[in-house]
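Okay, thanks for coming, everyone.

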Amino acid sequence: MTIARTESTTLSNGVKMPWLGLGVWKVKDDGEAERTVTSAIEAGYRSIDTAAAYNNETGVGAGIRNSGIAREEIFVTTKIWNAHQGYESTLTAFEDSRRKLGIDVVDLLLIHWPVKDKYTETWRALEKLYRDGYVRAIGVSNFQIHHLRDVIETGEFVPMVNQVEYHPLLTQNELHSFAKSRNIQLMAWSPLMQGNLDHAILADIGAKYGKTPAQVVLRWDLQNEVITIPKSVTPARQQENADIFDFALTPEEVAQINALNRDQRFGPDPDNFNF
Ligand code: NDP
């Protein structure tokens, strides 16, 4: 499988979305977000994953504007936070995100978490924003199969993306198969296990190609057809994480990494969270 650095997957509605993006959770809005986005775009990233809850949409927007790259060449994802779920409050929260980002049309808008008794109403609001042309694609995050079934049954559109925790210790096999069967693109959060990359098999495979454990994991995402959004504020690491398009894992190596799965989460369980 060969994929170029700027190559995209095509979502179910025909919109193209880069396989690689930059995550910006925990990146501060005091200049750090702007610097981080600018250096990532210099390193070749063309997709940024933020959220209202990250409190850095202003800096992300500034970084995009100052990058010298045309707005339409950068794919921007943001998310509706839990406290803002519901129909009207989602529309208001989206306006706030759009203003902070300083962009007219958001490329991908996600429901951040499946807040009980709220997420189908929130989905109706996302569908309206999509129909009205304010967002190019809509999706969800942290949705299990039963949450996906709910929105598919009650909504007009099937979510185009589901962004979930996904890495070698949490391969989400059932969820991934279900998503594939409905043409929902899976997107990995915490792909680098939040920096916990100390697994001998990753180092061994990397040594064969002259690649780091981080690069091996990110390449594994792509070969499993999962969009990946590693976060780094460190320019050298941003470059390292983007340098994954000149080698390919063998099917045996992909299987070896798949076999690390322990259903282990670093983040909250979408069936049992209280925020
Ligand atoms: P990641 O798995 O991307 O890991 C980020 C950590 O790894 C940082 O501490 C970073 O350090 C470090 N790191 C980055 N590159 C390397 C490297 N090459 N070698 C060693 N360490 C490295 O964690 P995140 O939790 O940030 O996940 C990525 C993105 O996913 C988020 O930023 C966010 O956009 C999204 N996300 C979405 C969630 C959701 O609920 N939808 C939940 C969590 C995340 P440093 O920055 O100091 O270089």
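Let's start with H112: leaving out residues up to four places away in sequence, H112 touches A51, A53, Y54, K79, I80, W81, N82, S141 and N142, where a contact means heavy atoms within 4.5 Å. Before I go on, this is a predicted model, so local features need pLDDT of at least 70 and side-chain atom pairs count only at pLDDT 80 or more, while totals for chains, interfaces and linings use all residues. Residues are numbered from 1 along each chain as its sequence is written, and side-chain values use heavy atoms, with hydrogens and water left out.

Back to H112, which sits in the loop between β6 (106–111) and α4 (119–131); helices (H or I, at least four residues) and strands (E, at least two) are DSSP runs, numbered from the N terminus. Its relative accessibility is 6%, so H112 counts as buried. The cut-offs there: buried is under 20% relative accessible area, exposed is over 50%, and partly exposed is in between, with a 1.4 Å probe and protein chains only.

Next, helix α8. How many of the 11 residues of α8 are buried? It's 10, so this helix, residues 213–223, is largely enclosed by the rest of the structure. Among the buried ones are W220, R219 and D221. The cover over them includes β9 (185–189), α7 (200–209), β10 (227–228), α9 (235–242) and α10 (251–258). After α8 comes E225, with a positive phi near 60 degrees.

Last stop, K231, in the loop between β10 and α9. At 39% relative accessibility, K231 counts as partly exposed.
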